[in-house]
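Biologist: I'd like to learn how to read a few features off a model. Could you walk me through them?

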Amino acid sequence: MHSVVLTATGVFTPSEVITNDELVEAFNAYADLQNAQNADAIEAGTIAAIPHSSSDFILAASGIEQRYVMSRDGILDPTRMYPRLPERSDDEPSLMAEIGVKAAQTALDRAGLTGADVDLILCAASNMERAYPAMAVEIQQLIGAGGMAFDMNVACSSATFGIQTAADMIRAGSVKRALVISPEITSGHLEWRDRDCHFIFGDVATAVLLERDEGQDGFSVLSTRCATQFSNNIRNNNGFLRPTRDAMEDRRDMRFMQNGRKVFKEVLPLVSAHIANHMADEGVEAADLKRLWLHQANKTMNDYIGKKVLGREPEAGEQPNILQDYANTSSAGSIIAFDKYSADLASGDTGLICSFGAGYSVGSVIVRRK
């Protein structure tokens, strides 16, 4: 069995930003249009008026201040309320592959490697641009990698599940180097017309480079652990069977849906216990942890988990948040946090990466700076 080292990460951040104020202005204009069109039904009590959103509400509910997106104009159009992402020909790189390659190239450059040095590509993300051919195989071809490539989807836990899968294959000797790439275009599955969730997501792509440990600098992957437990509380009913059910109308359940209160109540103890058990089994004490890189869904959730794991309020820098700038980027969030807040750790410092979400699913990775 081989040891595994995480040698580099890469992040691609879109150039377009939507602030809370901009988002609220567009949403409230949409609400006013809909309420005016349905004034008679609202007065009769057959449907409810759409309430306004506010920047204060968004910040208090999530800790989010802005988000990066691939295309903002369609989202901010009150008569549209979803992105404009032009269709590409089959001869052009797909959008997910394009941004995945940009994140991967950053990681490769940092490690002093090229795509030809990689023999496994995992595209691990919440949504795939198409069913087949696999996005990972397209990325493999675009960066000139060898070996094999495949897609995997475990919603917001996709990146950590991908890290475990790649690390296990490296340990077993199946591959030598792997890239776990998470191109998350979450703006495409968000229901921007729903006040309770219109602020949640943003777009990004991340890449994690894992290698057989041959003395490279980086973070030793000490242990990985993943778990799932079925729940309908985060769901998207869209899929390839939709036309067969004559369900092509604009239906609310064909985009991101969640029962936020139940998710909050059920996921927090699940994740806290998962991390505690993982640490206990590996002999890692709370005092040993220098950093927690948590899934970036909600600041209150992260604060709760950080306090539960450490047994106290996290000190400044121990549990860094990036969602105020990026919003929830699904599986990429914990990797962005790691990318931005890991360089300062000293040799021997231990940290834990964790992501969690729909499924329910939770994945944790214990790493130590070499």
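**Reading the pocket, a strand and a residue**

Modeller: Let's start with a lining: in the second largest pocket it divides into 18 nonpolar residues, eight polar and four charged. Ala, Val, Leu, Ile, Met, Phe, Trp, Tyr, Cys and Pro count as nonpolar, Asp, Glu, Lys and Arg as charged, and the others, Gly among them, as polar. This is a predicted model, where local features need pLDDT of at least 70, side-chain atom pairs count only at pLDDT 80 or more, and totals for chains, interfaces and linings use all residues. Residues are numbered from 1 along each chain as its sequence is written, and side-chain values use heavy atoms, leaving out hydrogens and water.

Biologist: Which element gives the largest share of that lining?

Modeller: Elements first: helices (H or I, at least four residues) and strands (E, at least two) are DSSP runs, numbered from the N terminus. Here H7 gives the largest share, five residues.

Biologist: And how many residues of strand S1 are buried?

Modeller: Buried means under 20% relative accessible area, exposed over 50%, partly exposed in between (1.4 Å probe, protein chains only). For S1 (residues 4-12), nine of its nine residues are buried.

Biologist: In what sense do S1 and S7 pair?

Modeller: Two strands pair if DSSP finds at least two bridges between them. S1 and S7 (residues 203-212) are antiparallel, over eight bridges, with Thr9 opposite Val208.

Biologist: Why does Arg255 count as buried?

Modeller: Because its relative accessibility is 16%. Arg255 is placed in the loop between strands S9 (234-235) and S10 (257-258).
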